Structures are given as C-alpha cells and as structure tokens.
Amino acid sequence: MARVLTPRAEDFPRWYQDLIAKAKLADNGPVRGTMVIRPAGYAIWERMQAEMDARIKAAGAENAYFPLFIPESYLKREAEHVEGFSPELAVVTHGGGKQLAEPVVVRPTSETVIGEFMAKWIDSYRDLPLLLNQWANVVRWELRPRIFLRTSEFLWQEGHTAHATRADARAYARKILHEAYEDLMVNVLGIPVVVGLKTTRERFAGATATYTCEGMMGDGKALQLGTSHELGQNFAKAFDISYSSAEGGREHAWTTSWGTSTRMLGGLIMAHGDDNGLRVPPRLAPIQAYVMIVKAGDGVGEAAAKLRDALRDAGVRVALDDRTDTAFGRRAVDAELRGYPVRVEVGPRDLATGNAVVVRRTDGSKAPTPVADVVGAVLAALEADQQALHDEALAHRRSRTVEVSTLAEAIEAAATGWAMVPWSAVGVPGEAEANGQGVTVRCLLRADGSVPDSEDEPDLTAILARAY
C-alpha cells in the first residue's frame, strides 16, 4: 500500500492529524478550538452514543435536556466549582443588541443548572433517587486544542443523580463507572482501561471523589476516557436539594455526576490505529463488512449485491462499493483508512473460480473464500478481530508499564509509558513535583486492583504517566 500517513513511530501527533484528515473524520471549525465532525466520524460517535445510552438506561437513568445558557450566579454558589472552571468559561454579556442584566455562562457542565431543578422537583424521600442524563454539547475555552481530545466545544453525555444517602450515591457512581463506562470501553471499544480513584489534586471541581477510566494510547501516554464523581452534599447545600425523610425531618440529598465525550473517538484512533489508518472494533463499527466490486462485468455486480444482502440478513452492518469509475486501489486505501473491519472483494477472476476475497483489517490477511462460505467467514472474522484488537491493546499496555519503587523512577518511566509506584512514595508533595515535569498521577488502586474509597487508605498503588 502506498504511504498515505506519517508513520506513527516517526511522528505520532502528525500521524494522528493525518489520519483524521485522510479518513475524513473531522475538520477544524472556523473558531479556534472548535471542530466539524464529518459523517464518517459522526457515524462512529452515533454508535458510541447508542451503546452508551442503552447502558445508562439499563442503570435506571432517564434522558432529559437542560439549557445551554446558565446564569453566572449559579456557578458562584459552589466556590470550588466556579474556581475550577473559571479559566475555561465562555461568558455572554450581550444579547439582542443590549447588555444583559446578568452575564450568562455557556454550559461547561450542568451540575449547577440541574441542581437548581433537582431542588424544585425533589420534595420527599419518595422522589429519590432521581436519575437523570442528558446528551448535549459543552464549551470549555481550550488553550491547546486538538481534535476530539481537547476542543473548545465538544459533544458528551452527562449524568446527574440525587440520592437519600451517601452509600446510595457512592454505589450508583460506581455502578455507572463499571457497568456503563468500563463495560463499553472494554467490550465495545476494545480498549482495556484501568479503573481507579483520582487524587484530590486531580478530582473534579466540587466533587468529594472522582473515579476514572484510563486507557493507554499507542505512544504510551494515558487518556482519561470517562469519569464518575461523588459530589457529597456540596451541590445539595448550595442549591438546597433537600427532602423530607421517612422520619419527618428535612435532609440534604447526596448527588453524583458522570460523563463521557467525543474524546472517546480520539482514544479509539490512538489505541487501535496503525500506519494504514483507523481500525474500528467490529462491535462498534458503523460498517462491519464492506463489499467491493473490483471490476464490473461477468456477473460481478449481481454477485456482490447478493453477498451484501446475505450479510445484511445475517445481522451484519454492510455497505456495497460499486464505484468502478474510481480505481480499485484508491478505494481500497480509503477503506483501510476508515478501518472497516472486513472487506469482501468481488472480481471477475476470483468469481470465475467461485470465490470472493475476504480481507481482515486487523491483521491485513487476505483469504480467497467460496462465495457460499463468505457470510460464515465474515461473522467469524468479526468475532475474532474484536477480541484481537483488545488483546493487542492489552499486550501493548503491559509491555509499556513498569513497577518502580521511587518517585524519580516513576517520572523517568513516564517518558515511555506508565509507572506503577507505591502512593506512599509519591504523596501530595511528590505529585506536585511530578506535575512540574509534565507527569500526572492518573489514578490510585488497591493492591488487588480494585478502586479505593479514599487516597488515605494504606498500601495504595499510583499510576503515573504523561497524558493527553
């Protein structure tokens, strides 16, 4: 295949930008830091949405929608929250040609406005838990934008819930973390994530605990793919989200929030992409099988159409490429770039022997296959390659992760991958030192790999890395 992309080993950031452009996934918007998601990229995001939405609803949350504009005074009610977001806020001061009586903030996240309405809707313990989610866009004025990873406007889902007890809130934040986020990332995106607790320094502004899913990218850096937060009673007290208890008293609720975004698209590219383009895990792929006519004539068109229909009847998301006025080689390159899991190539020469060629994107293998066996071969390839992509990413993470005993060793190891080091060897002063060298504590884990409740627990392990 002709070289289309900058090789990853030569310049990983350039490879990433090349792939996004050549695969027609997205483009830069007219305002610095914004992006235009093209149909090929948006189709993948729609699949992510559908899979995530199903998991969120299975966890009991309902979708709603809240305003894009939030009164500035709302953010100021929770001091840590406004302080954390102030550098990223876009503030509207004029509307309709007049100065507004109160500036409004373009939604950076919705804890405040949703908190206002939770206070209005919750009266009794019978109204709890209140489990809400919204699909929306948010704006955070980004100083160093990069498409999908950090943009001034991006798409996401944000969940917000209110509970009668701290234990219920914690259990729900963990439920979303594992049953929605981790499950989607591992079993659909094929990205093996480490699930852990953020340090106080890294947690969400206004939260009492932040849990995270961290994935390793192809260059050894970390990417935060989703977070779930316990908010304690901070927002409940700021917005008077309270309820009458069964005993007749008045209590403040315990709240959570949690979100994933189009950053997952960037993670997908960097975790699975290779020098030929994107590789989309079959369970996620909008097009799982791409039937291509190599050359028209000799019944090729009819045979290709029948294969498309048979694959569709077998439950495969399939498309037919019959653009024989465009060179086959160019079309094959485009299919590689876009990462279609399987290609089925149908040409006169193979068809004359009763075959089509099944090409697997994950390993590049090409297998002449009897036409009658193509559907079975494609189904088997899709199942095998979903697992293969996950296993390859897991092997990569393991090969680039080292266990060390000191902060200095951890910072050194973070130049090429992840370091696992005792949290007691880092601590708050060590974390600040690492940050000064571009290294962050991605999360904390217990000795058995489970998620701790607090960074004060004994014998915790810290994962340090450079990150996007």
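The second largest cavity is lined by Pro192, Met216, Met217, Ala271, Ala393, His396 and Arg397. Here a cavity is a set of points on a 1 Å grid over the protein atoms alone, where a 1.4 Å probe fits but cannot get out. Lining residues have an atom within 4 Å of such a point. The model is predicted: local features need pLDDT of at least 70, side-chain atom pairs count only at pLDDT 80 or more, and totals for chains, interfaces and linings use all residues. Residues are numbered from 1 along each chain as its sequence is written, and side-chain values use heavy atoms, with hydrogens and water left out.

The second largest cavity holds about 50 Å³ of space. Volume is the space filled by probe spheres set on the grid points, which are joined across faces, edges and corners. Helix α12 (residues 374–399) supplies the largest share of this lining, 3 residues. Helices are DSSP runs of H or I with at least four residues, strands are runs of E with at least two, and both are numbered from the N terminus. By class, the lining has 5 nonpolar, 1 polar and 1 charged residues. Ala, Val, Leu, Ile, Met, Phe, Trp, Tyr, Cys and Pro count as nonpolar; Asp, Glu, Lys and Arg count as charged; the others, Gly among them, count as polar.

In total, the structure has 3 cavities of 30 Å³ or more. Helix α5 gives the most, with 4 residues. The lining of the largest cavity divides into 5 nonpolar, 4 polar and 1 charged residues.

A pocket is an open set of points with protein on both sides within 12 Å along at least five of seven lines. The second largest pocket has a volume of about 250 Å³. Lys22, Lys24, Tyr290, Arg323, Thr326, Arg330, Arg331, Asp334, Ala335, Arg338 and Tyr340 line this pocket. Helix α10 (residues 328–338) contributes the largest share, 5 residues. The lining of the second largest pocket comprises 7 charged, 3 nonpolar and 1 polar residues.

Asp274 sits in the loop between α8 (263–272) and β15 (289–293). Asp274 is buried, because its relative accessible area is 16%; buried means under 20%, exposed over 50%, and partly exposed in between, with a 1.4 Å probe and protein chains only. The Asp274 side chain reaches the backbone nitrogen of Asn276 at 2.9 Å. Beyond neighbours within four places in sequence, Asp274 is in contact (heavy atoms within 4.5 Å) with Leu5, Arg8, Trp15, Arg279 and Arg361.

Leu407 belongs to helix α13 (residues 407–413). Leu407 has 10% relative accessibility and therefore counts as buried. Leu407 and Ser424 are 17 residues apart in sequence, and their C-alpha atoms are 9.7 Å apart in space. With neighbours within four places set aside, Leu407 is in contact with Ala425, Val426, Gly430, Glu433, Ala434 and Leu464.

Strands β5 (residues 91–95) and β6 (residues 98–106) run antiparallel and are joined by 4 bridges. Two strands pair if DSSP finds at least two bridges between them. His94 stands opposite Gln99 in β6. The hairpin has 2 residues between the strands, and Gly96 takes a positive phi near 65° there.

Methods:
A polar contact is a pair of N or O atoms within 3.5 Å; within protein, one must be able to donate a hydrogen and the other to accept it, and residues adjacent in sequence count only if both atoms are side-chain atoms.
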